[in-house]
Each structure stands twice: as C-alpha cells, then as structure tokens.
Amino acid sequence: MSTLLLKNADVLVTMNENRDEILNGALIAVDNKIAWVGESSQADVWLRENYPETAKAGFDKTIDAAGCVVTPGLINCHHHLFQSLTRGVATGPGKNLFDWLRFLYPIWEGLTSEAIYTSAKISLSELVMSGCTTASDHLYIYPNDTRIDDEIRAAQEIGVRFHPNRGSMTIGESQGGLSPDSVCEDEEFVIKECLRAIEIYHDPDPFSMLRIGVAPCMPNTVSPDLMRESARIAASYPMVKLHTHTSETEDDNNYTVEHYGKRPIDYCEWLGWVGEHVWFAHLVQITDSEVDWLANTHTGACHCPSSNMILGSGIAPIRQMVDKNVRVGLGVDGTSSNDGNHLLGEARLAMLLQRVGWPGFQSSASRFTAREALELATIGGARVLQQDTIGVLSPGKAADFIAYRMDDLAHAGGRSDPVSSLLTCYSGNVWLSVINGKVVVEDGQFLPFELGPVIEHHNAISMDLIEKANS
Ligand SMILES: [Zn+2]
C-alpha cells in the first residue's frame with residue numbers, strides 16, 4: 001500500500017455535487033484512489049482513525065501545496081496528437097477547414113510509426129504540463145507503417161490516462177472525398193484494426209488507464225456502411241465508444257445534405273450513432289433543434305475553441321448546450337489547428353468565446369463564468385468520456401489531481417479568488433500532477449523522461465516530413 005498526503009492548498013476544488021471548494025485543503029490518496037479530502041487540520045485525525053499504522057509510520061509521500069490551487073486533473077476529449085509535427089504550417093496565413101486539410105494531407109502522407117510515437121510523446125507531455133491527466137486522441141490517418149499502437153506506447157511511457165480512438169478514412173478524392181487516395185484504407189482492414197485494438201488494449205474497468213474508441217474521421221471520409229459497422233462494433237463491447245467530427249463548418253453540413261439528403265447529425269442518427277456512448281467534436285454549425293436532440297439523446301459534445309477560431313469555423317453554442325444539460329467537454333483538437341496543447345488555456349478560451357456571442361445572441365461578460373469553464377475541463381470531460389471515477393476529488397475516485405501555483409508573477413494580485421484567477425489570468429503550467437496515484441510532475445518538473453532530446457528528435461522528424469512533401 002502506498003500513501004500520499006497533499007496539504008495546505010490555498011483552495012482545493014472538489015467538483016463534487018455541491019461544488020465544494022475547501023480552504024486550506026488536504027487530500028489523502030491510498031494507492032491509485034482518493035481516500036479522503038478535507039481541511040488540512042483534520043488530515044491527521046482521519047488518518048489515526050482509519051489507518052493507525054500509517055499514522056505511526058508517516059505517509060510515503062507528503063506534498064505541501066501552500067500557495068496552490070488544487071483541482072481534479074483536466075480531461076481532453078478531442079485531439080490529433082500527430083499534428084504537433086506540422087504546427088504553424090497552415091495556420092499562420094489562415095485557411096478554412098477543407099483548404100487546411102487539403103494543404104496538410106500531402107505532408108501527413110509521409111508519417112511513420114516513429115513519427116506517430118514521437119509526436120504523441122510531445123503532445124501528451126505538453127498536455128500533462130498544462131494540467132491534463134486524461135487524454136482522448138483521434139488518430140485517423142495510417143500511412144506507411146503507422147498503427148494506433150504507436151501512440152499507446154507513448155501514453156504508457158508518460159503514465160497519462162488514455163482514450164485513443166481508432167480513426168479511418170476510406171473515401172479518397174477519386175470517389176468524391178476530400179483526402180488523397182494514398183492515405184485512404186480498405187474498409188475491411190479498418191474493421192480488423194478496430195477489433196484488434198479493442199481486443200489487445202481495451203480495458204472497461206471504471207479506473208481504466210486505457211480505453212479504445214471507434215472513430216471514422218468525418219461522415220464525409222468513410223462510407224455509410226463503415227459508419228454503421230463502427231456503431232455495431234462499439235455496441236458489442238462494454239465502454240467502447242463512438243467518436244467523429246460533426247458540423248464543424250457549413251461545408252461539413254453541405255456535404256452530407258448533398259450526398260445523403262441529411263444534415264450530419266440526422267445522418268449519424270440514421271446510422272446508429274446516438275446515445276451516451278457517442279460524442280461529436282465541434283458541433284459549431286448546429287441548430288436549436290439539434291441542441292435539443294443532443295440533450296434528449298444524451299449524446300456528448302466536445303468544444304474546441306482554439307481550433308474553431310484558427311480555422312474560422314465559428315462559435316459553438318456551448319451556453320445553450322450547458323443550459324439544456326448536454327454533456328459537454330473540452331478538446332484542444334489537433335496541434336496543427338491550435339497550435340498548442342494547453343488544456344487550461346483551452347478552458348480560458350472557452351469562457352472568453354462564450355462571452356462574445358454568436359449570430360442571434362448578444363455579447364455578455366456574465367454569460368459564461370470561470371468556474372463553469374473549469375467544470376467543462378473536469379467533470380464535463382468525465383461525463384463525455386463516460387469515466388465517472390475522474391473529474392472529481394472525493395473519496396473513492398481516481399487519484400488524478402493537479403496543482404497550479406498562485407504565488408507566481410502571472411497571478412500576483414489574484415489570490416482573493418484564486419479559482420477565478422486560475423481561468424482569467426494567463427494560463428501557466430502545473431506545479432504538480434498526480435495521475436493514477438503516481439507523481440508525474442513535481443516542482444514544475446516533468447518526470448517521465450528528459451524532454452530536450454525528444455523535442456530535438458521531434459523537430460528533425462517534422463523538418464524531414466515537410467521537406468519531403470515539398471521536394
Ligand atoms: Zn479534430
């Protein structure tokens with residue numbers, strides 16, 4: 001048995017049902033679960049009553065979090081980790097979604113197993129440093145020797161809780177699709193690979209560190225048959241979920257209307273994509289009745305504000321979704337349309353963007369609060385990924401928690417309400433990250449491996465990839 005005490009936090013944000021925030025907060029973790037949360041002065045009392053042996057011997061690890069806000073680990077619901085290799089390539093000049101994709105596909109054709117593995121290490125490390133403890137990824141392109149195993153290996157080396165989704169593209173340009181034929185796969189092979197990943201890696205346990213999802217890239221990149229078969233596969237395994245991009249832009253909406261006579265959400269529902277095990281990324285260009293459909297069917301949504309702004313896609317109606325109790329989480333989206341992996345920063349942008357308004361709604365600074373944004377990044381993400389052991393700090397939940405320093409330069413003067421300041425001030429990195437009971441970041445230092453050589457290797461792969469595409 002391993003015991004950890006975190007004490008003296010300025011504020012410990014529980015995200016429990018009452019949304020309790022504990023001043024001078026403490027937390028005791030036993031192995032990979034939270035055993036107790038409360039005021040620091042009560043920690044010893046609780047320990048003597050419940051673990052008298054440990055009370056005599058002392059904790060295996062004690063962390064003094066004075067000067068910090070402690071929150072549940074943040075949860076990222078949508079990403080394409082490999083895109084760290086092409087940051088800044090298409091985002092500087094500004095391109096809309098379909099042009100952005102057409103520009104990048106020829107570069108991504110050169111991806112290799114080593115490129116997927118190394119970029120996953122980079123993107124996941126940056127995510128962890130920003131506060132993320134659970135990450136979902138959507139890997140939808142498999143040229144050369146690439147496999148979903150490559151990014152799983154990277155996640156396991158870091159120790160981050162991981163929900164990789166086996167994506168796919170099967171309709172190339174020659175069939176009226178968007179992507180080059182060279183990066184499209186055979187549908188039978190896609191199905192085999194989905195089943196292989198599930199059989200080898202998927203763990204439905206409530207405290208699982210690794211769950212596989214099935215995730216065609218977009219409704220316009222695979223056939224209706226593969227969409228339907230994906231839904232059938234997901235339904236035949238516990239906690240295997242369905243994910244795709246939907247209604248990101250009007251071009252997206254127009255494609256399914258032109259090809260199938262249905263808007264994307266209607267199209268997905270027609271093929272069995274509905275319910276708690278389904279979540280869609282973006283949902284920017286959706287109608288009021290589609291928001292109602294999400295609420296009524298308990299289908300989840302992932303909001304990606306940076307990507308929606310960089311690609312000029314629009315503002316998703318997150319205020320309406322939250323008001324109607326739609327399950328909403330946050331995603332940084334791929335690192336080529338963000339161009340970063342900062343999940344706390346994404347929560348900040350979600351808050352700001354909802355204050356600006358969208359057609360038919362007036363701007364209002366009070367429309368979305370800092371605490372609501374933190375909810376999206378924690379308990380909101382847990383609901384979307386259907387992992388109710390995370391996103392909350394209370395006894396029996398997973399020991400996934402993080403601490404940000406509030407006594408630094410960026411937060412000077414913001415300590416009267418540190419929880420608000422965490423979101424409204426510029427977003428810093430974590431001082432502490434504990435995932436599944438293991439310390440992954442301590443004193444602001446990333447522990448799993450030395451980052452410098454990985455960054456250097458990653459940059460060499462990136463330059464090589466881009467040069468080959470241009471030659
Ligand atoms: Zn995406």
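Hi everyone, let's start with the two domains: the C-alpha centres of domain 1 and domain 2 lie 30 Å apart. The chain's domain assignment puts domain 1 at 3–72 + 391–444 and domain 2 at 74–384, and such bounds come from an automatic or database domain assignment.

Before going on, a word about the model. It is a predicted one, where local features need pLDDT of at least 70, side-chain atom pairs count only at pLDDT 80 or more, and totals for chains, interfaces and linings use all residues. Residues are numbered from 1 along each chain as its sequence is written.

Back to where the domains meet. The contact takes 23 residues from domain 1 and 28 residues from domain 2; two residues are in contact if their C-beta atoms, placed from the backbone, lie within 7 Å. Which elements give two or more residues to the domain 1 side? They are β5 (68–72), α15 (418–424), β15 (432–435) and β16, with α15 giving the most, four residues. Helices here are DSSP runs of H or I of at least four residues, and strands are runs of E of at least two, numbered from the N terminus. That side of domain 1 divides into 12 nonpolar, nine polar and two charged residues.

Now the whole chain. Its secondary structure comes to 16 helices and 17 strands, and the C-alpha trace spans about 70 × 50 × 45 Å along its principal axes. Buried residues make up 54% of the 471 residues; buried means 20 or more other C-beta atoms within 10 Å of the residue's own, exposed means 12 or fewer, and partly exposed is in between, with C-beta atoms placed from the backbone.

On to the inside. The largest nonpolar core has 141 residues, and L27, V69, V70, L124, A347 and A403 touch the most other members. A core like this is a set of buried Ala, Val, Leu, Ile, Met, Phe, Trp, Tyr and Cys residues joined through C-beta atoms within 7 Å. Helix α4 gives the most to this core, with eight residues, and the core draws at least three residues from each of domain 1 and domain 2.

Let's look at L124. Leaving aside neighbours within four places in sequence, L124 is in contact with L81, A135, A154, A155, I158 and V160. A154, A155 and I158 are among the buried residues of helix α5 (residues 148–158). What covers the buried residues of α5 includes α4 (113–130), β7 (132–139), β8 (161–168), α6 (187–201) and β16 (438–442). After α5 comes G159, with a positive phi near 90 degrees.

Next stop, strand β11 (residues 278–282), which holds A281. Is A281 buried or exposed? A281 counts as buried, because it has 28 C-beta neighbours inside 10 Å. Sequence neighbours within four places aside, the contacts of A281 are H78, H245, C302, C304 and G331.

Finally, some backbone details to look at. The peptide bond from N338 to D339 is cis, with omega near -5 degrees, and D339 sits in the loop between β13 (328–330) and α13 (343–356). M239, in the loop between α7 (224–235) and β10 (241–246), is a residue other than glycine with a positive phi, near 65 degrees.

Definitions and conventions
Ala, Val, Leu, Ile, Met, Phe, Trp, Tyr, Cys and Pro count as nonpolar, Asp, Glu, Lys and Arg as charged, and the others, Gly among them, as polar.
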